[in-house]
Amino acid sequence: MISFSLNGKTVTTDVPSETPLLWVVRDVFQLKGSKFGCGVGLCGACTMHVEGEAVRTCILAIEDVADKNVTTIEGLGTREDPHPLQESWVAQSVPQCGYCQSGQIMSAAALLSQNPKPTDTDIDAAMKGNICRCGTYGRIRQAIHATANAGEKS
């Protein structure tokens, strides 16, 4: 049995210890926001936070998150109470096909938690591991800046 915190709630599972976190979250706990993309940790569609760090969960074994805090896109914000990045994403018309967006937002949230006023260079470096097939990189950068600037005003 492996226990960990999933979006603030302690959960336990008895899946094989080498099962990737992505599949445990999607198949056992039915949180479908994080996506399977490449399966080798290169595209970022599966990005979640483990202890506040953005990680690729398609290659992270469930045993590696035992007793740790995991946050998915569902834990970042809700439809009723969206995270500021989710609001900026909509305001900047970032989503196109939408497939990569949860991973993009999770990487952006990790960036802003560590660097609340990132430069374009900081954003490009932090987001380079997240691939968007629709090519919305310019809008992603604008949404991150908008969120940072909104946080600066509050």
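Met48 has Val55 as its bridge partner in strand 4, where strands are DSSP runs of type E with at least two residues, numbered from the N terminus. The model is predicted, so that local features require pLDDT of at least 70 and side-chain atom pairs count only at pLDDT 80 or more, whereas totals for chains, interfaces and linings use all residues. Residues are numbered from 1 along each chain as its sequence is written, and side-chain values use heavy atoms, with hydrogens and water left out.

Strand 3 and strand 4 (residues 53-56) run antiparallel and are joined by four bridges, pairing being assigned if DSSP finds at least two bridges between two strands. These strands form a hairpin with two residues between them, and Glu51 in the turn has a positive phi of about 55°.

His49 lies in strand 3 (residues 47-50) and counts as buried because its relative accessibility is 8%, the cut-off for buried being under 20% relative accessible area (1.4 Å probe, protein chains only). The side chain of His49 reaches the backbone oxygen of Met106 at 2.6 Å. Contacts of His49 (heavy atoms within 4.5 Å) include Asn69, Val70 and Thr71, with residues up to four places away in sequence not counted.

Strand 1 (residues 2-6) is largely enclosed by the rest of the structure, because four of its five residues are buried. Strand 1 pairs with strand 2 (residues 9-13) in the antiparallel sense over five bridges, and the bridge partner of Ile2 in strand 2 is Thr13. With strand 5 (residues 69-71), strand 1 runs parallel and is joined by two bridges; Ser5 has Asn69 as its bridge partner there.

Definitions and conventions: Buried means under 20% relative accessible area, exposed over 50%, partly exposed in between (1.4 Å probe, protein chains only). A polar contact is a pair of N or O atoms within 3.5 Å; within protein, one must be able to donate a hydrogen and the other to accept it, and residues adjacent in sequence count only if both atoms are side-chain atoms.
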